[in-house]
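Student: I have a structure to go through with you. Can we take it question by question?

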Number of protein chains: 2
Amino acid sequence: MRKGLLFIISGPSGAGKGTIYNEVLKRRPSLKKSVSVTTRQPRAGEVDGVHYHFRTVDEYRKMIADGGFLETASVYENYYGTPAAPVLKMLDNGDDVMFEIDILGARQIKSRYPDSVSVYIMAPSMQILEKRLRERGTESAQSLSRRLGSALSELKQYKLFDYIVFNDDVKTSADKVLSIIDAEKCKIGVNEDKIQQILKENS
Amino acid sequence: MRKGLLFIISGPSGAGKGTIYNEVLKRRPSLKKSVSVTTRQPRAGEVDGVHYHFRTVDEYRKMIADGGFLETASVYENYYGTPAAPVLKMLDNGDDVMFEIDILGARQIKSRYPDSVSVYIMAPSMQILEKRLRERGTESAQSLSRRLGSALSELKQYKLFDYIVFNDDVKTSADKVLSIIDAEKCKIGVNEDKIQQILKENS
């Protein structure tokens with residue numbers, strides 16, 4: 001059976017990757033998501049196994065030692081990670097999986113699973129990225145400057161990504177991500193088993 | 001300015017590549033076609049420069065000698081070829097170009113212009129390909145058997161192609177080709193100039 005494809009959506013704060021990710025999932029409900037593992041405390045209404053898999057620090061560190069993560073990072077003293085086993089199982093079942101993840105996570109996943117397809121969502125220009133961040137109204141001058149610096153330093157690592165989508169508007173960008181998904185499923189390498197089977201049956 | 005992309009549509013007789021090609025052109029009128037050069041006589045209603053560029057054998061051979069073709073072939077004592085200059089000019093202008101061409105032509109274009117994107121249109125199975133050829137009602141048993149043999153021998157060369165579309169129905173297949181076109185325009189390599197420009201303007 002054909003294996004599923006793993007898609008990574010990444011991009012700087014303010015580019016709109018989260019909105020595009022949700023729009024793509026809405027329009028392609030067959031895409032699977034991954035439930036992250038974290039060591040932080042559940043917030044009100046969060047359900048273990050639905051929003052996150054909540055684990056103790058010891059349990060988490062054991063999972064790291066066992067190679068149990070596709071990617072893992074610590075943010076403000078808490079660990080967050082993508083567990084490998086359920087994702088690899090979904091791919092083996094032929095399901096396509098999509099993650100929204102930062103560039104460090106994207107790098108880890110690409111190195112662990114080189115067949116993954118990575119898409120970088122960027123604003124059409126740095127000026128527009130700055131405008132979008134300012135319009136949030138939540139960024140201090142320092143935080144704004146830091147985020148713009150990160151965006152540039154990430155963009156320098158563009159070769160990590162297979163595709164880039166300059167996000168003018170969400171609908172068009174979601175169309176592009178869906179086109180990328182559909183095109184990747186037509187790649188010769190992805191269809192090699194089916195081609196070999198036709199050749200075998202008719203040789 | 002961003003260069004245009006060159007798309008090649010190929011596939012065996014009966015797979016439906018011509019129908020898909022026309023459907024894609026209809027839905028994406030911005031795609032440019034190439035006018036072939038030929039040494040055969042114009043038929044009633046055919047206009048030089050519109051349906052074909054009609055040339056004498058001597059003129060054609062001189063174009064071959066000058067490297068003037070992206071691909072050239074002779075069919076029943078006549079030459080047919082895709083002139084390089086107008087296509088390269090369209091690509092330089094940023095226009096995307098799409099050809100429907102046989103596998104020999106596809107191989108020549110790929111070798112002459114490795115950045116071209118090649119899509120192989122195949123029936124969902126050899127049985128369906130045979131059924132479609134039979135239903136044409138124009139194939140002798142000998143011709144049918146020859147075409148099926150060619151289809152298999154072409155399919156063995158699948159690595160020449162970047163993508164394969166198994167043509168169940170024209171609309172879905174045209175959707176897939178359009179997705180391939182849109183995805184290719186998001187490829188990192190295609191957008192490298194724009195990324196470098198953003199980095200340069202903000203360094």
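The questions below go from the overall chain to the interface and then to single residues.

Student: What kind of model is this, and how many helices and strands does chain A have?

Tutor: This is a predicted model. The C-alpha atoms of chain A fill a box of roughly 70 × 45 × 30 Å along the principal axes. Its secondary structure comes to eight helices and eight strands.

Student: What percentage of the 203 residues of chain A count as buried?

Tutor: A residue needs 20 or more other C-beta atoms within 10 Å of its own to be buried. Of the 203 residues of chain A, the share that counts as buried is 35%.

Student: Among contacts in chain A with a separation of 6 or more, what share comes from residues 24 or more positions apart?

Tutor: Take the contacts in chain A with a separation of 6 or more.

Student: How many residues of chain A are in contact with chain B?

Tutor: Contact here is a C-beta distance within 7 Å. On chain B, 25 residues take part, and on chain A the number is 25.

Student: Which element gives the most to the side of chain A that touches chain B?

Tutor: The elements that give two or more residues to that side are α6 (141–155), β8 (163–166), α7 (170–184) and α8 (192–201) of chain A. By class, the residues of the side divide into 15 nonpolar, four polar and six charged. The element that gives the most, with five residues, is α7(A).

Student: What relation superposes chain A on chain B?

Tutor: Two copies of a chain are related by a rotation about an axis and a shift along it. Here the rotation is 180° and the shift is 0.0 Å, with an RMSD of 0.1 Å. That is the relation of a two-fold axis.

Student: In chain A, which C-alpha is nearest the axis?

Tutor: The distance from the axis to that C-alpha is 2.2 Å. The residue is Ser179(A).

Student: Do the copies meet through the same surface or different ones?

Tutor: Compare the interface residues of the two chains. Of those in chain A, 100% are also interface residues in chain B. The copies therefore meet through the same surface.

Student: How are α7(A) and α7(B) oriented to each other?

Tutor: Two packed helices are described by the angle between their axes and the distance between the axes. For α7(A) and helix α7 (residues 170–185) of chain B, the angle is about 115° and the axes are 8 Å apart. Their crossing is left-handed. Angles of 65 to 115 degrees count as roughly perpendicular, so α7(A) and α7(B) are roughly perpendicular.

Student: Which residues of α7(B) meet α7(A)?

Tutor: From α7(A) come Lys176(A), Ser179(A), Ile180(A), Asp182(A) and Ala183(A). The residues of this contact divide into four nonpolar, two polar and four charged. On the α7(B) side they are Lys176(B), Ser179(B), Ile180(B), Asp182(B) and Ala183(B).

Student: How does α1(A) lie relative to α7(A)?

Tutor: Helix α1 (residues 17–27) of chain A packs on α7(A) at about 60°, with the axes 9 Å apart. The crossing is right-handed. An angle of about 60° makes α1(A) oblique to α7(A).

Student: Which residues of α7(A) meet α1(A)?

Tutor: The α1(A) side is Thr19(A), Ile20(A), Glu23(A), Val24(A) and Arg27(A). The contact has six nonpolar, two polar and two charged residues. The α7(A) side is Val170(A), Ser173(A), Ala174(A), Val177(A) and Leu178(A).

Student: Is Tyr76(A) buried or exposed?

Tutor: Tyr76(A) sits in the loop between β4 (69–75) and β5 (78–83) of chain A. Its phi is positive, about 50°, although it is not a glycine. Exposed needs 12 or fewer C-beta neighbours. Tyr76(A) has 6 inside 10 Å, so it counts as exposed.

Student: What is the phi of Tyr76(B)?

Tutor: Tyr76(B) lies in the loop between β4 (69–75) and β5 (78–83) of chain B. With 6 other C-beta atoms within 10 Å, it is exposed. Tyr76(B) is not a glycine, yet its phi is positive, about 50°.

Student: Is Tyr60(A) buried or exposed?

Tutor: Tyr60(A) belongs to helix α2 (residues 57–65) of chain A. Leaving aside neighbours within four places in sequence, its contacts are Val37(A), Thr39(A), Arg55(A) and Tyr79(A). With 23 other C-beta atoms within 10 Å, Tyr60(A) is buried.

Key: Residues numbered from 1 in each chain as written. Chains lettered and ligands numbered in written order. Predicted model: local features only at pLDDT ≥ 70, side-chain atom pairs only at ≥ 80, totals over all residues. Contact = placed C-beta atoms within 7 Å. Helix = DSSP H or I, 4+ residues; strand = E, 2+ residues; numbered from the N terminus. Nonpolar A, V, L, I, M, F, W, Y, C, P; charged D, E, K, R; others polar. Least-squares fit on C-alpha atoms with pLDDT ≥ 70 in both. Axes fitted to C-alpha atoms, helices over the stretch in contact; angles between N-to-C directions. Parallel < 35°, antiparallel > 145°, perpendicular 65-115°, else oblique. Left-handed = near helix turned anticlockwise from the far one by under 90°.
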